[in-house]
Amino acid sequence: MMNPNDVNFVSHNALTEAQSTPFQSKLYINGCFCEGSSGELSSRYSPAFGHLVGQYAQANEADALTAIDAARKAFDSGVWSDKTGAERSNILLKIADGIESQLEEFALLESMETGKPLQQAQDEIVGSIDIWRYAATLARNLHGDTYHNLGSNKVGMTVREPLGVVSCITPWNFPFLILSQKLPFALAAGCTAIVKPAELTSGTTIKLAMILESAGVPAGVVNILIGSGRTLGAPMATDPRVDMVTFTGSTSVGQRVAAQASQSMKKISMELGGKNPQIIMPDCDWEAAVDAVVFGVYFNAGECCNSGSRVLVHESIADDFLAAVVEKSKLVKVGNPLADGVRVGPMIHEGHLDEVLGYIAKAEEQGDNLLLGGQRIEHDTGLYLAPTIIRSANSGNVICHEEIFGPVLTALTFTDLDEAIAIANSTEFGLSASIWSKDIDNCLTASKKIQAGTVWINTFMDGFPELPFGGYKQSGLGRELGRLSVEEYTEIKTIQMHIGERTAMWVSSADPS
Ligand code: NAD
């Protein structure tokens, strides 16, 4: 345990009534808010303050089947898929307006359930609104191709049809942002959906349901289930009435979901884990690179698939650079998520904090060098872990290649860019990476050779709805966001046409007898 005075810890205030009133919610199936058929409720307590944040009706398998049935019938009826792109676009824009009108409530609930700083939660809701608006533009731009080069009597065309019913399964770390990377694009394409947020952070997803109907989304088009992944995941991934599963979460659960979905050849989209390197060259912009390393690893308490959890530093500057990262890390404010300037809140739950501490212990056992932190901060209600930096001499050690999902930076050194790229590529993951250098050759060489879905040059963790996001290797399958993301939720149909009289017969009376 660390003394809070040994870190930049901001203590808690008493909560106001608005901050401490629990959110109550039902399931949302076929346009109705309903209790789960088991009658059970789950409760979420704040990982920062310990108070009851929300109580949720729990769905069981029977509820999942009802939701799937509603989504299937809504899709087959054409009530959504037959709308014009313009109509769907206008509804998506209204949903964005509805979220915006409740921005503060969404952000507070998200902050209370996850423990993330309130200001960060607000930024994420604003970012999510922007994604809904971006998806609305794509609803009007979905189109196929035509082919006039097939001969004078042939024309071909491809049309993009909505894929059908989509199961969306989301994690706890960015509950509303990740939902917004999936659902508006599925809706823009004309699909219907069953959505299952993570058990611990269902609040903002179900809050969205309250906006859908008034924005004009017909009953059954979006159905929201709350409950256990194990119970609800199986029907959502295997039911023959579902056409696609889009999943964001851990690689291990993703593998299970993909295996289940493949039994009926559903389309799958997977956004999974990462062990993302930031490469620091001697000619980097020092201040900016130090700041990006600190931001990269502590943002969202490191519970971030895109976390810059590995820093690879050129050996000639490693000691000084890491000393600067340690000093800046000491400035990071940890603690009360509602206080101004706090950057790092608590970990999501006790079990996860223990796992992260287990990784730190393993690193020390393997001879890695703890430069900062490494311990829980002594505090009565919170699950706070001190910002932690570990220098490793061996890129084969566990801390260097497994996703830790906490505020824990692993530092390694390299002698030249080739070695840095080899270390960067030496994990099973390939989500994102960055390089810091003023030399364009270094930057472009790294960006071409690193196996990752996103490479940042002299920046880190920027994101725009316009740019696709996803992983190489075991970080995932498919892409979210970007112009083509809406196409992930479509099937291509080829239509071939013959013009005029058919002369070439397969069988003719003139054939030799
Ligand atoms: P998780 O895999 O435990 O859970 C994700 C979702 O899957 C939750 O809704 C959970 O209820 C559900 N689930 C659990 N068991 C299931 C099963 N058997 N069948 C179907 N669904 C099941 O992940 P998490 O702990 O919520 O989130 C952390 C992980 O998510 C990390 O590995 C992180 O890297 C990853 N992540 C990836 C991205 C990305 O875009 N690549 C983004 C955020 C998080």
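How many nonpolar, polar and charged residues are in the lining of the second largest pocket? By class, that lining has 18 nonpolar, 15 polar and nine charged residues. Here Ala, Val, Leu, Ile, Met, Phe, Trp, Tyr, Cys and Pro count as nonpolar, Asp, Glu, Lys and Arg as charged, and the others, Gly among them, as polar.

Before you click on, note that this is a predicted model, where local features need pLDDT of at least 70, side-chain atom pairs count only at pLDDT 80 or more, and totals for chains, interfaces and linings use all residues. Residues are numbered from 1 along each chain as its sequence is written, and side-chain values use heavy atoms, with hydrogens and water left out.

**Stop 1: the pocket.** Select Phe 247, Gly 249, Ser 250, Ser 252 and Val 253: of the 42 lining residues, these lie nearest the centre of the second largest pocket. A pocket is, on a 1 Å grid over the protein atoms alone, an open set of points where a 1.4 Å probe fits, with protein on both sides within 12 Å along at least five of seven lines; lining residues have an atom within 4 Å of a point. The space in this one is about 1200 Å³, a volume filled by probe spheres set on the points. Now colour α9 (229-238), β12 (244-248), α10 (251-262) and α13 (350-365), which each supply at least two lining residues. α10 gives the most, with six. (Helices are DSSP runs of H or I, at least four residues, and strands are runs of E, at least two, numbered from the N terminus.)

**Stop 2: α2 and α9.** Axes are lines fitted to C-alpha atoms over the stretch in contact, and angles run from 0 to 180 degrees between N-to-C directions. Show Glu 61, Ala 64, Leu 65 and Ile 68 of α2 with Thr 231, Leu 232, Pro 235 and Met 236 of α9 to see the contact (heavy atoms within 4.5 Å).

**Stop 3: α11 and α12.** Next, select α11 (residues 286-298) and α12 (residues 318-331), which pack at about 55 degrees with axes 9 Å apart. They are therefore oblique to each other (oblique is what remains after under 35 degrees, roughly parallel; over 145, roughly antiparallel; and 65 to 115, roughly perpendicular). Their contact residues include Trp 286 and Tyr 298 of α11 and Phe 321 of α12.
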